[in-house]
Amino acid sequence: MFKINDNYLKLPGSYLFSTIGKKVAAYTAANPDKEVIKLGIGDVTLPLAPAVIKRLHSAVDEMAVKETFKGYAPDLGYEFLRTTIVENDYKARGCDIAADEIFVSDGAKSDSGNIGDIFAVDNKIAVCDPVYPVYVDTNAMAGRTGVYNPETEKWSDVIYMPCTKENNFVPELPKEEPDIIYLCFPNNPTGTTITKDQLQVWVDYALKIGAVIIYDAAYEAYISTENIPHSIYECEGAKGCAIELRSFSKNAGFTGTRLGFTVIPKELKCGDVMLHSLWARRHGTKFNGAPYIIQAAGAAVYTDEGKKETKEQIAYYMNNAKIIRDGLTGAGYEVYGGVDAPYIWLKTPDKMTSWEFFDYLLENLNIVGTPGSGFGPSGEGYFRLTAFGSLENTKKAMERIKAGKA
Ligand code: PLP
């Protein structure tokens with residue numbers, strides 16, 4: 001008789017977005033005349049940039065011709081993309097990363113979930129709280145997180161590092177020593193960032209205790225403030241302790257097109273074993289490459305045209321972020337994030353819980369956001385709005401906030 005991986009049975013239900021969906025559907029059904037504005041989504045809404053579309057078309061045409069047709073992609077990704085990434089994302093920022101340290105993939109979600117494959121089950125993980133749920137859930141599936149306590153909403157074997165306004169949403173070094181540390185900056189859901197000096201503290205700590213940092217830089221393109229690192233490899237020594245995850249989803253709108261990459265420097269070792277070799281083996285065995293046409297389109301993001309157009313898209317979203325920040329601040333809310341990230345994290349007023357505030361916004365202002373408690377216990381009392389909506393809807397939502405009614 002076969003057996004299942006019963007770690008899956010330990011996972012609590014993922015109620016956040018389904019509960020939101022159900023509440024919104026019920027409200028809309030009962031109030032068909034109301035126009036509900038959705039500022040809860042973490043997905044982009046602008047179409048792909050013209051330079052990307054142009055390259056997608058030409059790459060499709062290449063697939064129709066015997067001489068230029070491409071089959072399986074190389075394991076690590078096409079050289080043309082990996083060298084372009086190195087030149088633009090690393091060399092240009094003074095980071096000494098080589099093209100063969102880049103592993104092209106279908107996105108940061110799969111990489112952040114799959115990276116656990118190369119680590120032993122008895123490693124202890126540390127995560128920020130609140131957190132992008134994929135890090136915890138995928139470790140739970142692997143049997144690395146112990147027992148889930150529904151009352152505290154915590155796993156027994158996970159080190160939670162609270163990120164609240166008290167510590168400016170930058171975690172303190174944990175008291176208990178972790179083996180694997182997940183950091184994500186600019187952060188989802190808080191929309192806040194970390195300075196280079198603060199990140200250096202984490203790199204020094206990881207090197208000292210022999211931990212590995214999994215650094216999710218999916219929102220790097222949204223950074224506009226100086227002295228905020230775009231890559232963890234801007235910190236000294238990071239090549240000896242950090243893996244970096246990157247995505248084309250939020251910088252170039254590839255959420256539905258799928259492209260990302262993971263960086264594993266060759267000097268990152270456990271004893272004398274290179275993590276690079278383990279991930280290369282894993283990638284070669286379980287992944288057959290991101291499609292040629294998508295990798296070609298990814299390279300187009302780095303052309304002059306592509307850079308200009310994607311920058312304009314980010315500016316569009318960040319203008320929305322500013323409108324939300326200003327609108328909320330003007331209405332007396334305590335607001336965080338939204339400067340170097342497309343997420344705005346606000347403190348719920350009058351000690352409302354995150355879900356009470358969700359209901360208040362939906363029913364009174366017809367605005368949908370995401371309750372902070374859905375991202376972890378320290379998210380209670382906070383609420384996330386995103387800048388990925390249209391300018392028109394964003395402005396309309398802030399008019400409602402200002403008026404205190406829909
Ligand atoms: N990492 C973070 C922190 C995210 O918020 C998201 C998506 O919302 C991802 C990774 C997923 O990226 P991708 O679309 O490349 O899988």
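**Close-up views of the ligand and its pocket**

View 1. A pocket here is an open set of points on a 1 Å grid over the protein atoms alone, with protein on both sides within 12 Å along at least five of seven lines; a molecule sits in one if more than half of its atoms lie within 2 Å of its grid points. This is a predicted model, in which local features need pLDDT of at least 70, side-chain atom pairs count only at pLDDT 80 or more, and totals for chains, interfaces and linings use all residues. Residues are numbered from 1 along each chain as its sequence is written, and side-chain values use heavy atoms, leaving out hydrogens and water.

**View 2. Meet the 14 residues around the ligand.** Asp216, Tyr219, Ser247, Ser249 and Arg258 are the closest.

View 3. Look for the side chain of Tyr219, with an N or O atom 2.7 Å from a ligand oxygen. Asn188 places a polar side-chain atom 2.7 Å from a ligand oxygen, while Lys109 brings a backbone N or O atom to 2.8 Å from one.

**View 4. The largest pocket has a volume of about 1,400 Å³, the space filled by probe spheres set on the grid points.** Its lining counts 45 residues (an atom within 4 Å of a point), and Phe17, Tyr132, Pro133, Val134 and Phe375 are the closest to its centre.

Methods
A residue is near a molecule or strand if one of its heavy atoms lies within 4 Å of it. A polar contact is a pair of N or O atoms within 3.5 Å; within protein, one must be able to donate a hydrogen and the other to accept it, and residues adjacent in sequence count only if both atoms are side-chain atoms. On a 1 Å grid over the protein atoms alone, a cavity is a set of points where a 1.4 Å probe fits but cannot get out, and a pocket is an open set with protein on both sides within 12 Å along at least five of seven lines; lining residues have an atom within 4 Å of a point.
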